[in-house]
Amino acid sequence: MKTTDTPPTGDARIPAPRTGQAPEIRKATVPAKEKREGGVLNVFSHGVLIIWAIMVVMPLLWAVMTSFKTDRAIFTSPWSLPDALHFENWSRAWTQAHMSEYFLNTLVVVGGSLVGTLLFGSMAAYVLARFEFPGNRFLYFLFIGGMSFPIILALVPLFYVMQNMALLNTLHGLILVYIAYSLPFTVFFLTAFFRTLPTSVAEAAFIDGASHTRTFFQVMLPMARPGLISVGIFNFLGQWNQYLLPTVLNTDPDNKVLSQGLVQLAVSQGYKGDWSGLFAGLVMAMLPVLAAYIVFQRQVVAGLTAGAVK
């Protein structure tokens, strides 16, 4: 007599499990239509990325290639490779066109303003993110409002303010203006970043007897290093390529920065412009920016994504 819980011997629909054998796991199959749509989407996205990369990289390569040509070769065969590497273009731009002086002035201004922006911006962002006090949100939105204020509207009053304070046509005056110009974005970026850091670490430092100043500089600031690097790169790019502010506030020929020097090199000789020297100076101005981004590209991505993940 057959029991109900024992399957028939010849029934292939319900296979009997083998002793000691793990049950078979069937893999989920993706429909052919979804595979085809995913493949088309990947091809389209990769094609767009390749086109975008060509549009970005080709002008840079062409500028580097042109900086090693003669003026005649630039106009007769602009797309061909240089017949020889004319390094005299670089030396002429560095010495005769005073690019060395412009480069040094730019390093002083951008270096000083970058340190001041990160220092004051991180301190303000830490207070706004970690402490509750009357006017906290008002100050925060005041910084955000500074991001939307057009800098061109402040040029005339800023000119007279700097003139009355004897800061016009000085490098330290330009440093202070760059710091004020970059603070709104820095505070906005770092405030969101400081809010994602764990509060338990700061509380442990307070329990151990650390002051607010020591906790900020020795505990919280090192933890915010990815965010500092990210916002520092953005500020470096904006301050290095700044042209409007130094043009209005820095007219002393001895204190001109690279952006002013490149314009001066382009228009100084009229129709007899030194085009090969101009492209050499242009590449000199681009190299620090490219080097900074290549070196810190991982930190920039980590800083941008860290604020979105708790």
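Q: Why is Tyr126 called buried?
A: In this predicted model, Tyr126 has a relative accessible area of 6%. Buried means under 20%, so Tyr126 is buried.

Q: What makes Phe216 count as buried?
A: The relative accessibility of Phe216 is 4%. The limit for buried is under 20%; therefore Phe216 counts as buried.

Q: Why are Tyr126 and Phe216 called an aromatic pair, and why is the pair called tilted?
A: The centres of the two rings lie 5.1 Å apart, and rings pair if their centres lie within 6.5 Å. The angle between the planes is 45 degrees; since planes under 30 degrees apart count as stacked and over 60 as edge-to-face, the pair is tilted.

Q: How do you know that this pair links distant parts of the chain?
A: Tyr126 belongs to helix α4 (residues 99-130) and Phe216 to helix α9 (residues 212-223), with the two 90 residues apart. Tyr126 and Phe216 also belong to a cluster linked by ring pairs, together with Phe131, Phe194 and Phe217. The structure holds 17 aromatic pairs.

Q: Why is the pair of Phe185 and Phe189 described as tilted?
A: Their ring centres are 6.0 Å apart, with the planes at 45 degrees.

Q: What makes Phe185 partly exposed, and why does Phe189 count as buried?
A: Phe185 has a relative accessible area of 29%. Phe189, at 15% relative accessibility, counts as buried because buried means under 20%.

Q: Why does Trp52 count as exposed?
A: Its relative accessibility is 57%, and exposed means over 50%; therefore Trp52 counts as exposed. Trp52 lies in helix α1 (residues 32-66) and contributes to a nonpolar surface patch of about 910 Å², whose members include Ile50, Met55 and Leu61.

Q: How do you know that Gln260 is buried or exposed?
A: At 8% relative accessibility, Gln260 falls under the 20% limit and so counts as buried. Gln260 lies in helix α12 (residues 258-267), and its side chain reaches the backbone nitrogen of Val257 at 3.2 Å. Beyond its neighbours within four places in sequence, Gln260 is in contact with Tyr243, Pro246, Thr247 and Asn250.

Conventions. Residues numbered from 1 in each chain as written. Predicted model: local features only at pLDDT ≥ 70, side-chain atom pairs only at ≥ 80, totals over all residues. Heavy atoms only, no water. Patch = residues over 30% accessible without salt bridge, like charges linked within 9 Å, V, L, I, M, F, W, Y side chains within 5 Å. Areas by Shrake-Rupley, 256 points an atom, 1.4 Å probe, with all protein chains shown as cover. Salt bridge = Lys/Arg side-chain N within 4 Å of Asp/Glu carboxyl O. Helix = DSSP H or I, 4+ residues; strand = E, 2+ residues; numbered from the N terminus. Buried < 20%, exposed > 50% of the residue type's maximum accessible area, 1.4 Å probe, protein only. Polar contact = N/O pair within 3.5 Å; in protein donor to acceptor, adjacent residues only side chain to side chain. Contact = heavy atoms within 4.5 Å.
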